[in-house]
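Dear colleague,

Please find below the structure that I am handing over to you. My notes on what was found in it follow directly after.

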Amino acid sequence: MASSVWDDAERSDLDAVLSNHGRPWDLVVIGGGITGAGILLEAARRGLKALLIEQRDFAWGTSSRSSKLVHGGLRYLKEGKFHLTRDSVRERQALMQDAHGLVDHQSFAFADYQGRKPGRWMFALGLAIYDKMARQTARHYFPTDEFLMMTPHIGRQDLKGGLSYHDAKTDDARLVMRVLQEAKSLGATAINYLAASKIDYVNELAQGVQANDTITGQDYQIRARSIINATGAWVDRLRLSKELNGKIRPLRGSHLLMPGWRLPVAQAVSLMHPRDGRPVFVYPWEGVTLIGTTDVDHHADLQTETAITPDEVTYLMEALAFQFPSLALGLDDIIATYAGVRPVIDTGKADPSKEGRDHAVWMEKGLLTVTGGKLTTFRLIALDALKNLAPLLPEWHPDLRVTPLFDNPRNNSNSHVELGLPRSQRDRLFGHYGRLTPEVIAAAHKHELELIPGTETMWVELRWAARYESVLQLEDLLLRRTRLGLLLKNGGAEYLPRIRTICQGELKWDDTRWNVEQAAYLELWQKNYSLPAKSTIKDWLVNE
């Protein structure tokens, strides 16, 4: 049953849950993003009694604010990072197979203009290496007339043709939830809004975590035989030495979202920004078009939710004017924005984009810290973390070879035929919910298998999340369990009455609580997911 996987009753008696029947946990993972979730799953799969705690909501930080791309890192070839590209390509292929419907193929197009870098042959060489790593072959170059059929709205001046290649995309927050779902089905425990405040040391070895329930204010002590700090850009808050083996350089990446009809792209379009030559992507995602990303140093308090800056809006609009001059896109076309902070290891490079994307693992008095890396390789990062953890658990001798991430129950189901669902919707549900998909469908009330207008989300997904997926605040439901706050104008304010009808009873919130949550959500959306004041946004250069 679903309740055995997402048992929200855990929060009703956290003392009992966190005490683990009076025994130390084999492993406590701190951090509920994709890295922590991956570690929890791989640890549970190998027999450890494991607990994950997250200071905010699952995927609240970087793992709900990424560019949503599961890609091989084509640009890392230019930097000589062949191992990173190879691992990323192989993981991309595996994820598309294991999580089809959640991690899906996306074709990319790159226009070849006279005199612009990189030229056709340099790009084609990179793609040939890319194909070899993926053990596939494909045609990449297309002359002007064929390329314009693929990308009809791009600038035509000096266009010689273009290249096409393949990568993948996902809903990053839902990927975290699916990984946690699998981990919990194997006996792991995951608690959101439980913040680690201090590591307890016994004989100079990490042996426990002091934690605070940020909802109730209650403090807890958690005993653990091993602890992994997987808090991304926040890892230095718990480390003993902030300078040992390197320090974290938080980088902000910001994005715009526009209606698909206003910026229609069947192929994702990849371009080099005219100002600094950085890659920018424009691609279809969840029924809208997503534009990103920036890459700038983030100096603000990491405990404060970040937002796009006026300069970043100008930067991304400049890229759109450069690549899609005929569409005359403006600020009024933007549905929503979002910004996230990603951790990279600081090597002192002046240009943030030139910092490496490899992950790093540090062991400090029994506290294992893991940070950096890419969304695509989260499983390899998890296995590397467990390899480094193993000496702390001398009786544990795990097989750390890569195994399929998820089972594949959809192969044995005809639910799309039985219920009249289009195959694309069936595949999406199985990708998001795995073996729980029949229960999700069964939970639907009348008309709740219909799509929410302008999105690829069904109404029943709201009910399911409210009932089973540890929703403690309305923002959890609308920004992470579903992405309606990014996909709908004004954060979905128009649909809040119907959302309330579906979810208020499931959440067991009285009218006062709902009104408080709704006001807080709309205030948050306005501050962090809408445009900055238009008067602060500079005009952008228009491609002639």
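This is a predicted model: local features need pLDDT of at least 70, side-chain atom pairs count only at pLDDT 80 or more; totals for chains, interfaces and linings use all residues.

In these notes a residue is called buried if its relative accessible area is under 20%.

The buried residues are Trp459, Val460, Glu461, Leu462, Arg463, Trp464, Ala465, Ala466 and Tyr468. Their cover includes helix H11 (423-433), helix H12 (437-442), helix H14 (474-481), helix H15 (484-487) and helix H16 (496-507). Just after H13, Ser470 adopts a positive phi of about 55°.

Leu462 of H13 also belongs to the largest nonpolar core, which has 50 residues. The members that touch the most other members of this core are Leu462, Leu477, Leu478, Ile499 and Cys503. Neighbours within four places in sequence aside, Leu462 is in contact with Ile452, Leu477, Leu478, Thr482, Leu484, Ile499 and Cys503. Another core, of 46 residues, lies apart from this one; among its members are Ala44, Val70, Leu368 and Leu375.

Strand S6 (159-170) is largely enclosed by the rest of the structure, because 10 of its 12 residues are buried. Its pairings are as follows.

- Strand S3 (residues 69-70) runs antiparallel to S6 and is joined to it by 2 bridges; Leu69 stands opposite Lys169 in S6.
- Strand S4 (residues 103-113) pairs with S6 in the antiparallel sense over 11 bridges, and Tyr113 has Leu159 in S6 as its bridge partner.
- Strand S5 (residues 141-143) pairs with S6, likewise in the antiparallel sense, over 3 bridges; here Pro143 has Gly161 in S6 as its bridge partner.

**Gly155**

The loop between helix H6 (144-150) and strand S6 contains Gly155. Is this residue buried or exposed? Gly155 has a relative accessible area of 8%, and is therefore buried. Residues up to four places away in sequence not counted, Gly155 touches Tyr113, Gln323 and Pro325. Gly155 and Leu327 are 172 residues apart in sequence, while their C-alpha atoms are 9.8 Å apart in space.

**Packing of H4 against H9**

Helix H4 (residues 82-98) packs with helix H9 (residues 378-389) at an angle of about 110°, and their axes are 9 Å apart. H4 is therefore roughly perpendicular to H9. On the H4 side, the contact is made by Asp87, Glu91, Ala94, Leu95 and Asp98, and on the H9 side by Phe378, Arg379 and Leu380. The residues of this contact comprise 4 nonpolar and 4 charged, with no polar ones.

**The sheet S8-S9-S10**

There is also an open sheet of 3 strands in the order S8-S9-S10, with antiparallel pairing. Strand S8 (194-202) and strand S10 (219-223) each have a single partner strand and stand at the edges, so one side of each is left without a neighbour in the sheet. Direction ignored, neighbouring strands of this sheet are turned by 25° against each other on average. S8 and strand S9 (residues 205-213) pair over 8 bridges in the antiparallel sense, and Leu194 stands opposite Asp213 in S9.

With kind regards

Technical notes. Residues are numbered from 1 along each chain as its sequence is written. Side-chain values use heavy atoms; hydrogens and water are left out. Helices (H or I, at least four residues) and strands (E, at least two) are DSSP runs, numbered from the N terminus. Buried means under 20% relative accessible area, exposed over 50%, partly exposed in between (1.4 Å probe, protein chains only). Contact means heavy atoms within 4.5 Å. Axes are lines fitted to C-alpha atoms, for helices over the stretch in contact, and angles run from 0 to 180 degrees between N-to-C directions. Angles under 35 degrees count as roughly parallel, over 145 as roughly antiparallel, 65 to 115 as roughly perpendicular and the rest as oblique. Ala, Val, Leu, Ile, Met, Phe, Trp, Tyr, Cys and Pro count as nonpolar, Asp, Glu, Lys and Arg as charged, and the others, Gly among them, as polar. Two strands pair if DSSP finds at least two bridges between them. A nonpolar core is a set of buried Ala, Val, Leu, Ile, Met, Phe, Trp, Tyr and Cys residues joined through side-chain atoms within 4.5 Å.
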